[in-house]
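Reader: I am new to this structure and would like to ask how some of its descriptions were reached.

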Amino acid sequence: MQISFYKSSDDPKKLAKTFEKIGTGEATLSATVNNTNNTIYLLRPSFLVASNSLYFTATHIYVDDMGKRYYYITDIALLTGGKMEISCSVDVLATYADKIVDRPCTVTRYSHKGGKIATPTYIPDSKYPLDTTRYNVTAQNFSYTPFLTGAAALINPCYILTTMGGGT
Amino acid sequence: MQVNEFVYGLKTNWAEYGIYDEAVPAAKKLKLACFGFDGETKLTEIKDGKSENKLIYEEAWDNSICYAALGNFCPLSNIKYYGRTPETTADHIALINQDQRLTTNYAFGVGGSAGFMPIGIKSDYDWQNWTQERWTNTPSWSNGSGLAQFSPFTAIPIKRVVLIPYIVCNNGTWFDENGDPSGFALFDLKTYLTGTNKADFPYICQIRVEMAYETTNSYDPDAETGTPTRSQSAGMNTIAILENLSYGDGLTDFNNSEMDNIFKPLITARGYSGISDIGLTIAGNLSSNILYVAVNTNTFVCPVASGFGLEFDRINNVKIEDYEIQTPYQSYQAYFNCSVSAMSKEEVQEAVRSIVACFGLFFVDGAADKNEPLDSDLMMLGTLVDGVGNGDYTTGQDNKNQDQWNMDDVHEIDYDPSNPPPIDPNAYNDGFDFPAAFSLGISGINNRYLLNATNILTLSNALWDFTKNLQPEEVIDNISQTFLTSNPIDLIVSLQYIPVKDIEFGTASAVKLGRLDLGVSAKSVLAANTYECGSIEIFPTFGDNWISKQIRIFAYLPFCGTAEIDLEAVMGKELYLRYVVDTYTGSCTAVLYIVNAKGKNIVITTADGNCITDIPITGIQWETLNANLYNAYQTNKQLKLNTTFGVAKALTGFGSALGAGDLSGAALAGLDVFSGASAAFTAEKISDYNLSHTQIPMRSIGGSSGITSNLLDMSPKLLFYRPIDNGTDSFIESEGLSCILNGTLSGLQLTGYTEISKIDLNGIAATAAEKEMIRSLLAGGIYV
C-alpha cells in the first residue's frame with residue numbers, strides 16, 4: 001500500500017494539524033514490531049518501507065487504505081536490506097478533526113471565541129490565579145453624614161439639657 | 001393563540017372598527033367579532049353573543065380572544081367587591097368577596113355600559129329600602145342592556161394602536177350643596193403631572209385607558225427608524241374580564257336565590273366616551289344595585305350609592321371604608337377617600353405606567369404624544385413574559401428589542417389563555433415602605449434644650465456660682481420663694497452629648513432652672529429625625545463574572561458598627577443608606593437598601609447603635625444650702641442673744657455669791673450659773689461652728705457613658721475588599737477559562753485551548769477505542 005509521509009510542528013493536542021508533505025512510499029505492514037503474536041494492530045501498526053533518509057524528518061504517516069487515518073511515527077528501525085520499519089500510533093485528532101468540529105459538545109474551558117480572547121464568566125474557575133488570601137481594601141464615603149465631626153461638633157449645639165417642666 | 005372562530009365568527013367576516021383612510025389595508029384595522037355570522041352570509045349588523053348562542057349566560061366567555069394576560073400586578077387581577085348585603089344595614093357597605101388571580105384573561109372591545117350584570121335587575125330598585133327584592137331572574141342580556149352590546153376586538157394591529165392613561169381626580173369637593181358631583185376633573189397622565197394639576201386635584205379616583213388607533217396608511221413603520229408621521233384617533237374602550245368572578249358567591253337575595261357565579265364576565269366599561277376603567281370603578285345609579293360606570297357621555301364617573309365597588313389598591317392610596325352613607329354621593333367619598341399627595345409626581349407616573357404596561361401594548365403618557373414614532377423616547381411598550389404583563393416596560397429604542405416590535409397582530413403573541421404559564425406567587429412586587437424622611441418634635445412634656453459647648457460652661461458656672469445664688473436675705477424676705485423654690489441642680493434630668501445634625505426645632509427660649517436664669521437661649525430638640533445619606537453604586541470591578549463575586553463589602557456605620565453586605569443582592573445596583581436617630585435614648589438605626597427594577601425599596605441590612613453620651617453634671621443645691629444657712633444663722637443669732645443676756649446675769653449672781661466668801665450652796669449655785677453660762681457659751685460656739693461649717697449640699701445628675709465612638713470617623717462608608725487578580729492573557733491562552741457552552745466547535749467559533757467534557761460522536765466512523773481516545777483527549781484539553 002502506499003503511505004504518505006508528513007511533517008508537522010503542531011502540538012500533539014492540536015485538533016486540525018498543519019502538515020507538510022515529505023514524500024510517499026510503498027509499504028507493507030510489518031508484524032514484527034511491538035507484538036508477540038505477529039498481529040497487526042489497526043491503531044498501532046508498523047510499516048516496512050524502503051529506506052529513505054527523508055523519512056527521518058517525518059512526524060506523521062497518512063494511509064488512505066487504512067481508513068484514511070493519520071498516524072504518529074513513534075519509532076523508526078533500520079533493517080538490513082535497505083528497509084526501514086516505521087512504528088506508528090493513530091492520531092485520532094488529525095484523522096477526525098473535520099468531523100469533531102461539527103459534533104455537538106459541552107465545552108468547559110476555552111481560550112478564544114470568535115477570534116477574541118476569553119474573559120471570565122459566571123462559572124467559578126478553580127484554576128484561575130485569583131489571590132483571595134490578600135485583599136485590596138478601599139473605602140468610599142456616602143455623600144452625606146448625619147453626624148457632626150471635628151470643628152463642626154465644637155461650634156454647633158450638641159448638648160441636650162433635659163430639665164423638669166412642661167406645658168406650653 | 002388564534003381566536004376561536006366558531007365562537008367569534010370567521011376571520012374573513014370580522015367587522016372592521018373605526019374610520020380609516022381608503023388606503024389602509026384590512027390587515028391594519030381593528031376588527032370586531034361577528035357573532036351574527038351564520039354560514040356564508042355576512043350579517044349587516046353585529047348581534048350580541050348571547051342571542052346568537054355563542055356566549056352562554058353565566059359562563060365565562062371563550063377566552064381565545066385574549067392575546068396576553070394581566071399579571072398579578074395589575075389591579076384587575078385583584079378585585080374586591082363591596083356592597084350591601086342582607087346582613088349589613090341599609091346605610092353601610094361591606095366587603096363581600098374578593099378575587100385574586102396570578103393572571104387575568106381579558107379582552108378589549110367596544111360598546112357595553114354596564115359593570116356587573118347580575119342575574120337580573122329591577123330597574124326601580126330602591127336602594128334605600130332593603131326590603132325590596134334585589135334580584136330578578138330575568139337575564140339582563142336579553143333585555144338588550146349595555147352589556148349585550150359589548151363586542152370584543154378579535155384583531156388588534158399592535159403597531160397601529162397606542163394606549164393613553166387618564167386620571168379621574170377630584171379636588172376634595174366631591175359634591176355640591178345639591179348633592180351633585182363636584183370637583184372632578186379628567187386629565188391624561190402627562191397633563192395631570194404638569195403644573196399644579198396634581199396639587200389642585202390630589203384625589204385620584206380612577207385610572208382609565210384610551211386606545212388610539214392609526215387611521216392612515218401613511219404610517220408604515222420603517223424597519224430602522226419607525227417613521228413616518230402617524231395619525232391616531234381616539235378609539236374605544238371597554239375591557240371585559242374573561243374570568244369567573246366571585247362577587248356574588250355565597251350571597252343570596254331576599255328570595256333566597258343563590259347568587260353564585262351570577263355574572264361573567266365583568267365589564268369595566270366606559271363605552272360611550274371611549275375611555276375605560278382599568279383600576280377603579282364605582283357603583284351604579286340610584287335605580288339599580290349593580291356596579292357599573294355611569295354612562296354620561298360628557299362627564300366623568302359619578303358614583304352613587306348602592307351596589308358594589310372595586311377597590312384599587314395598587315396605587316396605595318384608595319381606602320374603602322365601611323362608611324355610613326347619608327347621601328348617595330357620600331359613598332364616593334367612602335370608596336375613594338384617597339390622596340396621592342404623599343406620592344411624588346414621579347411615583348404617580350411610574351405607578352400608572354406600570355399598570356398600563358400590563359397590557360403589553362405601546363403606550364404614552366399624554367394624548368399629545370400619541371403620534372410619536374414607536375421608537376421615540378416618549379413611547380413605551382409593555383413587556384410580556386410568557387405572554388403575561390407584570391408592569392415592566394421599555395422606552396424608545398429599547399422597544400425594538402421586544403417581540404411585539406416584529407408582530408402585526410396581538411394574536412401573534414405566544415400565549416394560550418386556556419393554559420397560562422406557571423406564575424411564581426412569591427414574585428409579588430412588594431417592597432419596603434419607608435415613611436418620607438421625617439422630623440418628629442414633641443413639646444410640652446419636658447424641656448429639652450440644645451446647647452453648644454459655650455452654653456454648657458455657662459450652665460456649669462451658674463450651678464457653682466456662690467455670689468449669684470447665695471442670697472440669704474432674700475430668702476428671709478421672700479417667704480413664697482422660700483417654700484416654693486427648688487435647687488437648680490435638682491431640676492436637671494440629664495445632660496447628653498449628641499453630635500447629630502439638624503435636631504433643633506421651634507424658636508429659641510431662655511434656659512431656666514427654677515429661679516436660675518442661665519442667661520442663654522436655646523431651641524428645643526426633635527424627638528427623632530431621619531437622614532438620607534445618599535447612595536453608592538456597587539460596580540463589578542472585575543466585570544460581570546465570578547471574580548467580582550469574590551469581592552466583599554462592609555458598611556462602616558458610625559455608632560452602629562460594621563455590617564457585611566450581601567454582594568449578590570447589590571452588585572450592579574445603587575446601595576442607599578438611611579439613618580434614623582432617636583434623641584431621647586440616642587438609639588440610631590442605619591438602614592441599607594436598594595431599589596429593585598420595579599422601583600421598590602428592598603432593605604438589605606440594618607444596624608443599630610447608640611449615639612448619645614451621658615455626661616454627669618454636678619452642682620450645689622442652692623436652695624437647700626440657703627435653707628441650711630438660714631436655719632443656722634437664726635439659731636446662731638438667738639444663741640448669741642441668749643448668751644449675752646444669760647452670762648451677764650449669771651456673772652452678776654456669781655459675784656454676789658462669791659462676795660460672801662462662802663463656798664457653800666451659793667458658790668455652788670454660782671458654779672451652776674457658770675455651767676449654765678458655759679453651756680450657753682458653748683452652744684453659741686457650736687452654733688458659730690455650725691454656721692461657719694454649714695455643709696454645702698451638692699448633687700450629681702446622670703451617669704457617664706463611653707464617648708469613644710465620637711472619636712472615630714463620623715462618615716458612613718463602604719469598604720471594598722477586592723482580591724488580587726493575577727490572571728494574564730498567557731494564562732488564558734494556555735489554560736483557558738471555565739465556562740459552560742453548548743454547541744459545535746465550529747458554531748461556537750472556538751479556537752485555541754479548549755476542554756470538552758461531553759461530545760456526541762455519532763456519525764463518526766471510528767472504532768470504539770478511537771472514540772474513547774477522542775473523548776479522553778478532548779476532556780484533557782486540545783488546541784482548536
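Reader: What pattern does chain A follow when read along the sequence?

Author: The model is predicted, so local features need pLDDT of at least 70 and side-chain atom pairs count only at pLDDT 80 or more, while totals for chains, interfaces and linings use all residues. Residues are numbered from 1 along each chain as its sequence is written, chains are lettered from A and ligands numbered from 1 in the order in which they are written, and side-chain values use heavy atoms, with hydrogens and water left out. Chain A follows the pattern β-β-β-β-β-β-α-β-β-β-α-β, where helices (H or I, at least four residues) and strands (E, at least two) are DSSP runs, numbered from the N terminus.

Reader: Why is Ile423(B) called partly exposed?

Author: Buried means under 20% relative accessible area and exposed over 50%, with partly exposed in between (1.4 Å probe, protein chains only); Ile423(B) has 28% relative accessibility and therefore counts as partly exposed. This residue belongs to the loop between β19 (388–395) and β20 (439–441) of chain B.

Reader: Which residues is Ile423(B) in contact with, leaving aside its neighbours within four places in sequence?

Author: Contact means heavy atoms within 4.5 Å, and with those neighbours left aside Ile423(B) is in contact with Leu102(B), Thr103(B) and Val388(B). Between the C-alpha atoms of Ile423(B) and Gly71(B) there are 8.7 Å in space, although the two are 352 residues apart in sequence.

Reader: How many of the 168 residues of chain A, as a percentage, count as buried?

Author: By the cut-off of under 20% already given, 41% of the 168 residues of chain A count as buried.
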